[in-house]
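Subject: Structure for you to look at

Hello,

I am handing over the structure we talked about, and below it I have written out what was found. Please keep it open beside you while you read.

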Amino acid sequence: MANTYQDELRARFGFDVDLGGEVPDDSWLRRVLLRRTQRRYSDQKVPDALVRLLLAAAFSASSKSDYQQASAVWLRDRARRDRVAALFPDMPWIGAAPVFLVFLGDARRLERLGELGGHRQDNGALEGFFNATVDGALALQNCLMAAETVGLGTCPISVLRNRIAEVAEILELPDKVFPVAGLCLGYPAQQGFISMRLPMEATVHVDRYDDSGLPEAVDGYDRARDARHSIKDRQRDPARFGTAEFYGWSEDKARQAATPEGVGFATWLKAHGFTLDEPNDRSR
Ligand SMILES: Cc1cc2nc3c(=O)[nH]c(=O)nc-3n(C[C@H](O)[C@H](O)[C@H](O)COP(=O)(O)O)c2cc1C
């Protein structure tokens, strides 16, 4: 039986994917396969009621131990938004998007529950940070998918963490609450494009981890991506890295990753309640 997602899978991976059998045909799943980030938005207003619905979808995400350690700031005040946007002039969509949300990891609330119940616990170990981060990320992704489902465009914004002290001050974040990522929302001004993904041979391992085929998989991916959308004329920092004869995704990402990002985040977390150590069961 021919599978029913060939167009979507080809759009996502750049080649035919054999699912190996019959699968349910679902229109939402097609949208998931075709999803894309949008950074340009039309002037069409996003009604507040819709934002609230999307936030309800966000907080419907699963949550580690039902601890519910995600929070969000809906940044409505223009002056505060402008202050955040001014920190990132390279990303004008932060200020221009009709709606801007910030998804937070919130390790504070669980501590407060402990205090209210008379069992004070410290939630600042790596475990607390990690769980709150995952909850925040899941809420973000639920919001993003819900938004795309109703025709909105979205763009997560993790650069907020590059200016963590200023962002935390503008949003008045207390200790043990930190931004996972912002989220721009608006009706898209253009169609956008589907960003191809690595073949599942490189990302899905069966029974045991084995990345011995990575070089071939990445080379094939680089070339397929280049054939669709070449970045050869946008080589990063040739003064430092030279000019590559073939410049594909993997070279671009290796160059990008050679410049550290998020410098200061760990220091800020440690100054704001996180030890990032092993947990212990001693009361504070
Ligand atoms: C956690 C996270 C943080 C991101 N941060 C930014 C950001 O700060 N600025 C930006 O323009 N895009 C950001 N993005 C969007 C990614 O660049 C985008 O998802 C990626 O290029 C893949 O494209 P696609 O979502 O269209 O498939 C972020 C995405 C994620 C998941």
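How many Å separate an oxygen atom of the ligand from an N or O atom in the side chain of Thr 37? Please bear in mind that this is a predicted model; in it, the distance from a ligand oxygen to such an atom of Thr 37 comes to 2.6 Å. Two further side chains have an N or O atom at 3.2 Å from an oxygen atom of the ligand, namely that of Arg 35 and that of Trp 93. Taken on its own, the ligand has 610 Å² of accessible area, of which the protein covers 67%.

Around the ligand there are 13 residues, and the closest of them include Thr 37, Arg 39 and Arg 197. By class, this shell consists of six nonpolar, three polar and four charged residues, and strand E3, which spans residues 153-157, contributes the most to it, with three residues.

The place where the ligand sits is the largest pocket, whose volume is about 1900 Å³. This pocket is lined by 44 residues, and among those closest to its centre are Thr 37, Arg 39 and Lys 253. Helix H10 (214-228), helix H12 (249-257) and strand E3 each provide at least two residues of that lining, with H10 giving the most, at five residues. Sorted by class, the lining holds 17 nonpolar, eleven polar and 16 charged residues.

Best wishes

Note on methods. Residues are numbered from 1 along each chain as its sequence is written. This is a predicted model: local features need pLDDT of at least 70, side-chain atom pairs count only at pLDDT 80 or more; totals for chains, interfaces and linings use all residues. Side-chain values use heavy atoms; hydrogens and water are left out. A residue is near a molecule or strand if one of its heavy atoms lies within 4 Å of it. A polar contact is a pair of N or O atoms within 3.5 Å; within protein, one must be able to donate a hydrogen and the other to accept it, and residues adjacent in sequence count only if both atoms are side-chain atoms. Accessible areas come from the Shrake-Rupley method with a 1.4 Å probe; for residues, only the protein chains shown count as cover. On a 1 Å grid over the protein atoms alone, a cavity is a set of points where a 1.4 Å probe fits but cannot get out, and a pocket is an open set with protein on both sides within 12 Å along at least five of seven lines; lining residues have an atom within 4 Å of a point. A molecule sits in a cavity or pocket if more than half of its atoms lie within 2 Å of its grid points. Helices (H or I, at least four residues) and strands (E, at least two) are DSSP runs, numbered from the N terminus. Ala, Val, Leu, Ile, Met, Phe, Trp, Tyr, Cys and Pro count as nonpolar, Asp, Glu, Lys and Arg as charged, and the others, Gly among them, as polar. Grid points are joined across faces, edges and corners, and a volume is the space filled by probe spheres set on the points.
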